[in-house]
Amino acid sequence: MKREDQIKSLAKKLVQRRTELLQLLDGELSQLHNSDDAVAGDLADAAVELDYATVNSTLAEAESEELAAIQAALLRVDEGAYGRCVDCSKNIPFDRLRNVPFADKCVQCQEAEESLENAIRLSNNATGAAKGANQRRSRSTSSRR
């Protein structure tokens, strides 16, 4: 199958998934709205409702993120840029697109981005730990005075 035909096939799957996500999101948002209107019978009922609301909210957030990625992918389809890495412009392998149809980066660029994000996260954690140690030391020495 030619790459153009493969991309058309994936575009159809993206549209189908977008429809599914919109329906799921509508259901979760309705449940969240209904849980806001529900009057809890007792503390246990309120705790269960809160748990359900938290799960629905988390699912809705994940679905919204996937929906945004799909919308961006469909826009790239319309622009003729779908299937090319947004960073290096190389073709994204079809196997990757089949597994992650809204992928906008090739594996190498995605891994580079994730490595950078991890390095930043580690640096921020180290900076935060150093600040915390300095603050503890500062409190410790000021309490001795």
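Reader: Where does UniProt put the "zinc finger region: dksA C4-type"?

Author: The UniProt record, an unreviewed entry, places that feature at residues 85-109. UniProt positions follow the numbering used here, feature names are shortened, and annotations may be inferred rather than shown by experiment. This is a predicted model, where local features need pLDDT of at least 70, side-chain atom pairs count only at pLDDT 80 or more, and totals for chains, interfaces and linings use all residues. Residues are numbered from 1 along each chain as its sequence is written, and side-chain values use heavy atoms, with hydrogens and water left out.

Reader: How far apart are the end C-alpha atoms of residues 85-109, and what is the helix content?

Author: The ends lie 8 Å apart. The span is 36% helix and 0% strand. Helices (H or I, at least four residues) and strands (E, at least two) are DSSP runs, numbered from the N terminus.

Reader: And which residues does the "domain: Zinc finger DksA/TraR C4-type" take in?

Author: UniProt gives residues 80-114, again from an unreviewed entry. The end C-alpha atoms of residues 80-114 are 26 Å apart. That span is 40% helix and 0% strand.

Reader: Switching to the core. Which residues touch the most other members of the largest one?

Author: L10, L14, I70, Y82, C85 and L97, out of 18 residues in the largest nonpolar core. Helix 1, helix 2 (43-79) and helix 3 each supply at least two residues of this core. A nonpolar core is a set of buried Ala, Val, Leu, Ile, Met, Phe, Trp, Tyr and Cys residues joined through side-chain atoms within 4.5 Å. Buried means under 20% relative accessible area, exposed over 50%, partly exposed in between (1.4 Å probe, protein chains only).

Reader: What does Y82 touch?

Author: Leaving out residues up to four places away in sequence, Y82 touches I7, L10, L14, A73, R76, V77, L97 and P101. Contact means heavy atoms within 4.5 Å.

Reader: Now charges. How many salt bridges?

Author: The structure holds 6. A salt bridge here is a side-chain nitrogen of Lys or Arg within 4 Å of a carboxyl oxygen of Asp or Glu. Side chains of opposite charge can pair when their charged atoms come close.

Reader: What does E4 pair with?

Author: K8, with the closest N and O atoms 3.7 Å apart. Both lie in helix 1 (residues 3-37), 4 residues apart, about one turn of the helix.

Reader: Is E4 buried or exposed?

Author: E4 is exposed, at 53% relative accessible area. K8 is partly exposed, at 49%.

Reader: What about R17?

Author: R17 bridges to E20, the closest N and O atoms being 3.2 Å apart. R17 and E20 sit 3 residues apart in helix 1, so about one helical turn separates them. R17 is partly exposed at 28%, and E20 is partly exposed at 39%.

Reader: Last one. Where is Q71?

Author: Q71 lies in helix 2. Q71 is partly exposed, with a relative accessible area of 38%. The C-alpha atoms of Q71 and F102 are separated by 8.5 Å, though the two are 31 residues apart along the chain.
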